[in-house]
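Here is a short tour of a protein model, written for someone who likes to know the cut-offs. Have a look at the sequence and the coordinates, then read on.

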Amino acid sequence: QVQLVESGGGLVQAGGSLRLSCAASGGTFSTYAMGWFRQALGKERERVSTINWSGGSTYYADSVKGRFIISRDNAKNTVYLQMNSLKPEDTAVYYCAADTSGGVSGIYVYWGQGTQVTVSS
C-alpha cells in the first residue's frame with residue numbers, strides 16, 4: 001500500500017512563494033508518475049502539474065505555467081511543487097497523487113491527505 005504525505009502548505013501573501021513536498025512510502029516510487037492537484041472551496045478538483053517517473057516529462061496547467069515548478073527526488077521518494085508569484089486564486093487544498101502505471105494509464109490511484117495553501121491579497 002502506497003502512502004503519500006504532503007507538507008509545506010500555509011498562509012502566504014500574494015506574490016510570495018511556498019514549496020510543497022510529498023513523501024511516499026510503501027511502494028516503488030521511482031516507477032510512478034506523480035501529480036499535484038488542487039481543490040478550492042466550492043470548485044472541482046484541478047490538475048495542477050504532473051511529472052513522469054524520471055522527471056524528464058512534466059505538465060503544467062495554464063493557470064500555473066511559468067510560476068510553479070514540479071520536481072522529484074527518487075532517492076528520497078519525494079515529489080515537490082515550488083510555487084512562486086502566488087495569487088489569491090491559488091488558494092486551495094493541494095493533493096499529491098501517484099499513478100502506479102508510470103503515466104501509461106493516467107489514473108492516479110493513491111492520494112495524500114492534502115495540505116492547505118492560502119494566499120492573502
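## Contacts along the chain

Of the contacts in the protein with a separation of 6 or more, 54% join residues 24 or more positions apart; contact means heavy atoms within 4.5 Å. This is a predicted model, in which local features need pLDDT of at least 70 and side-chain atom pairs count only at pLDDT 80 or more, while totals for chains, interfaces and linings use all residues. Residues are numbered from 1 along each chain as its sequence is written, and side-chain values use heavy atoms, with hydrogens and water left out.

## Strands and overall form

The protein has eleven strands and zero helices, where strands are DSSP runs of E with at least two residues, helices are runs of H or I with at least four, and both are numbered from the N terminus. The radius of gyration, taken over C-alpha atoms, is 13 Å, close to the 14 Å that the globule rule gives for 121 residues, so the protein is as compact as a globular protein of that length. That rule is 2.2 Å times the number of residues to the power 0.38. Along its principal axes, the C-alpha trace spans about 40 × 25 × 25 Å.

## The nonpolar core

The largest nonpolar core holds 28 residues, and M34, W36, L81, M83 and Y94 touch the most other members. Such a core is a set of buried Ala, Val, Leu, Ile, Met, Phe, Trp, Tyr and Cys residues joined through side-chain atoms within 4.5 Å, with buried meaning under 20% relative accessible area (1.4 Å probe, protein chains only). Strands that each supply at least two residues of this core include β4 (33–39) and β8 (78–83).

Technical notes:
Buried means under 20% relative accessible area, exposed over 50%, partly exposed in between (1.4 Å probe, protein chains only).
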